[in-house]
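Good morning, and thank you for coming. Please look at the sequence and the model as I speak.

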Amino acid sequence: SCDMRSVWNFTDFEVSRMAFQSSLPALKRSFSWDSSRLEELNALAQAVLDSAGSEAGTACLNTLFKIATNVQRFPADPKYRKIRFANHSFSAKVWCIDAAQQFLLESGWTITDDALVLPLGASLEESRRVLEKVISLTVSPQGKQDPKAKKLAEERDRIREHARKVKEEKLRIQAEIRADRAEVQGRKVVDSRGKRIEFGSNVKRFADIGVDLNKGG
């Protein structure tokens, strides 16, 4: 004979297993890291450098890497799964950069009224790896800049220098135009005064040279 209790336990196990299997697609959509998502994270990390510049971008990526590392080291600690917007360092280094905001949201963080929250069970391991890779490409272990990153930084500096020179040239031209206008205006004033003198006090009368127009002859 068969023990009904064992039959019930077996059935209960089967029901639980079926329920778990039915939830797998949603879990995979929520926590799977396919190649397209990794490419998106990598592109966003690169965009942080491009939009914020080398120094500020590197500081932002290092902060993101520290956040991800803390979550991986202490996955059950809630204090590492919540970042308040009132945190001045976070707001100044990370949240002020649009690409960094997108990176965090793509990694699984959600926005609440006053903070970012990472749902319990969500992992940042892949985000951490992406950040580690991008940071390593920016600065080599010997402290020397990667050639590709160096070339990009030099190009950004060249563009900024060109923009600075264009601005200076524009200001110089504007200053010359203002000076020319002032000079022309000054000439008009002098000419006007000269004409008044010419046809005024400098004109001699007949009486001044001894000619009396009332006498005949």
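This is a predicted model: local features need pLDDT of at least 70, side-chain atom pairs count only at pLDDT 80 or more; totals for chains, interfaces and linings use all residues.

Where is the place of Thr58? Thr58 has its place in helix 3. Helices here are DSSP runs of H or I with at least four residues, strands are runs of E with at least two, and both are numbered from the N terminus.

Residues are numbered from 1 along each chain as its sequence is written, and side-chain values use heavy atoms, with hydrogens and water left out.

Let us consider the chain as a whole. Its secondary structure comes to seven helices and three strands, and along the sequence they follow the pattern α-α-α-β-α-α-β-β-α-α. The chain has 217 residues, of which 22% count as buried. Buried means under 20% relative accessible area, exposed means over 50%, and partly exposed lies in between, with a 1.4 Å probe and protein chains only. The accessible surface comes to about 16000 Å², and 57% of that surface belongs to carbon and sulfur atoms. These areas come from the Shrake-Rupley method with a 1.4 Å probe; for residues, only the protein chains shown count as cover. Among contacts between residues at least 6 apart in sequence, 66% join residues at least 24 apart. Contact means heavy atoms within 4.5 Å.

I return to Thr58. Is Thr58 buried or exposed? Thr58 counts as buried because its relative accessibility is 18%. If residues up to four places away in sequence are not counted, Thr58 touches Leu49, Gly53 and Thr138. Of these, Leu49 lies in helix 2, residues 35-52, and Leu49 is buried too, with a relative accessible area of 8%. Leu49 and Ala100 are 51 residues apart in sequence, yet their C-alpha atoms are 9.7 Å apart in space.

Now to the packing of helices. Two packed helices are described by the angle between their axes and the distance between the axes. The axes are lines fitted to C-alpha atoms, for helices over the stretch in contact, and the angles run from 0 to 180 degrees between N-to-C directions.

At what angle do helix 3 and helix 4 pack? Helix 3, residues 54-73, and helix 4, residues 88-95, pack at about 125 degrees, with their axes 8 Å apart. Helix 3 is therefore oblique to helix 4. Under 35 degrees counts as roughly parallel, over 145 as roughly antiparallel, 65 to 115 as roughly perpendicular, and the rest as oblique. Helix 3 contributes Cys60, Thr63, Leu64 and Ile67 to the contact, and helix 4 contributes Phe90, Lys93 and Val94. By class, this contact has five nonpolar residues, one polar and one charged. Here Ala, Val, Leu, Ile, Met, Phe, Trp, Tyr, Cys and Pro count as nonpolar, Asp, Glu, Lys and Arg as charged, and the others, Gly among them, as polar.

Helix 4 also packs with helix 5, at an angle of about 105 degrees and with the axes 8 Å apart. Helix 4 is therefore roughly perpendicular to helix 5. The residues in contact are Phe90, Val94 and Trp95 of helix 4 with Ala100, Gln101 and Leu104 of helix 5. They divide into five nonpolar, one polar and no charged.

Which residues of helix 5 are buried? In this helix, residues 98-107, the buried ones are Ala99, Ala100, Phe103, Leu104 and Ser107. Seen down the helix 5 axis, they fall within an arc of 140 degrees, so they line one face of the helix. The arc is that of the directions from the helix axis to the C-beta atoms. An α-helix has 3.6 residues a turn, so residues three or four places apart point the same way.

Glu106 is also found in helix 5, and Glu106 is partly exposed, at 27% relative accessible area. Leaving aside neighbours within four places in sequence, Glu106 is in contact with Arg37, Glu40, Leu41 and Leu44. Finally, Gly108 follows helix 5, and its phi is positive, near 125 degrees.
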